[in-house]
Amino acid sequence: MKEPLISVRDLRVQFQTYAGVVYALNGVSFDLYPGEILGLVGETGCGKSVTGLALLGLIPPPGQVVGGEIRYRGRNLLALPPAQWQALRGGKIAMIFQDPAAALNPVFTVGEQMELVTRRHRRLGRDAARRQAAEVLRSVGMPEPERILETYPHELSGGMQQRVMIAMALSCGAEVLVADEPTTALDVTIQAQILDLLVDLKRTRGLSILLITHNLGVVAETCDRVAVLYAGFIVETGPTEAIFQAMKHPYTQGLLAAIPRPSHRGRPLQAIPGTVPDGLQPPPGCLFHPRCPFAWDRCRQERPALLEVADGHQVACHLYDREAER
Ligand SMILES: Nc1ncnc2c1ncn2[C@@H]1O[C@H](COP(=O)(O)OP(=O)(O)OP(=O)(O)O)[C@@H](O)[C@H]1O
Ligand code: SF4
Ligand SMILES: [Mg+2]
């Protein structure tokens with residue numbers, strides 16, 4: 001088995017707010033291997049973006065990491081001096097967002113912005129940086145890269161802006177790309193093209209991608225493995241095929257039942273009864289127990305750990321803990 005590139009263990013993030021402590025991540029653990037796309041899925045507010053931001057050390061105040069580890073090639077990033085982590089961020093580990101326009105600087109041309117990042121990371125001269133920028137733009141499927149370098153971000157479509165963001169990440173030598181809902185704001189055809197590009201970069205460059213999405217269709221078509229988040233906790237993870245064919249966790253089963261299918265068109269979505277726990281007061285025991293049809297006493301008291309149920313398929317649910325007595 002390959003060594004993971006990124007290894008997150010028991011990551012805990014809290015926001016100190018006037019209303020009290022918001023428990024955003026409650027012990028997130030997963031691995032990201034070289035050259036794979038790992039889908040991070042879950043309902044709104046479950047901690048997907050906070051997890052992605054944590055990998056780059058970009059959790060906004062008043063949020064802070066209060067426990068756990070984020071290892072990159074074996075080194076715990078949380079223990080690194082800030083300058084060293086900053087060097088990795090935007091270099092080996094990069095992030096793209098739902099709204100690329102907000103991440104690009106409106107007053108500089110694409111060429112100026114790309115040269116800036118390339119020169120900062122590679123110490124190239126101006127001409128070499130420009131040539132390289134054009135080359136990278138071509139590699140992410142941009143037609144006429146020399147012309148694109150002269151444009152301002154607002155002159156490009158959302159899909160092209162997202163390609164520029166991906167190109168910037170690549171020109172800094174990114175090995176890991178955290179993509180937070182990168183296609184949600186795009187129309188369906190462009191969405192598919194960007195996802196194809198990500199799959200292509202995984203295959204040709206061995207890029208590792210953490211693909212954050214709430215769209216299970218996107219996961220099914222794009223991801224090698226999936227991690228399902230619920231209330232800041234990974235409840236199930238495994239190969240995409242195993243998760244879709246034999247999902248084990250009651251939450252994942254509910255989530256998959258909620259996918260709209262063509263045959264269900266016109267019928268309301270099958271939502272999971274109940275609501276996501278309040279981040280201010282997460283329930284004791286299994287975080288899903290107030291909504292779980294199978295919950296029993298143990299679920300209300302003891303938080304389940306992730307246990308392997310099949311090759312590479314892990315579930316955090318007492319139903320699968322055979323050692324324990326029911
Ligand atoms: N700046 C903040 N201050 C207080 N709480 C925050 C802040 N940012 C995030 N949170 C809390 O952290 C939790 C996780 O938020 P996060 O943005 O990661 O969710 P998400 O899964 O990305 O949701 P979405 O699908 O809507 O993007 C939420 O409970 C949210 O309220
Ligand atoms: S641990 Fe208990 S409450 Fe939690 S998902 Fe499993 S059965 Fe349901
Ligand atoms: Mg989010």
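Which residues are closest to ligand 2?

## Ligand 2

The closest are Cys-286, Cys-292, Ala-295, Cys-299 and Cys-317. In total, 13 residues surround ligand 2. A residue is near a molecule if its C-beta atom, placed from the backbone, lies within 6 Å of it. By class, this shell has 10 nonpolar, three polar and no charged residues. Ala, Val, Leu, Ile, Met, Phe, Trp, Tyr, Cys and Pro count as nonpolar; Asp, Glu, Lys and Arg as charged; the others, Gly among them, as polar.

## About the model

The model is predicted: local features need pLDDT of at least 70 and side-chain atom pairs pLDDT 80 or more, while totals for chains, interfaces and linings use all residues. Residues are numbered from 1 along each chain as its sequence is written, with chains lettered from A and ligands numbered from 1 in the order in which they are written.

## Ligand 1

Around ligand 1 there are 16 residues. Ala-24, Thr-44, Lys-48, Ser-49 and Val-50 come nearest. Two or more residues each come from β1 (6–17), β2 (20–32) and α1 (48–55). Helices (H or I, at least four residues) and strands (E, at least two) are DSSP runs, numbered from the N terminus. α1 gives the most, with three residues. The shell holds six nonpolar, nine polar and one charged residue.

## Helices α5 and α7

Helix α5 (residues 126–139) packs on helix α7 (residues 158–171) at an angle of about 125°, their axes 9 Å apart. Axes are lines fitted to C-alpha atoms, for helices over the stretch in contact, and angles run from 0 to 180 degrees between N-to-C directions. The contact has five nonpolar, two polar and no charged residues.
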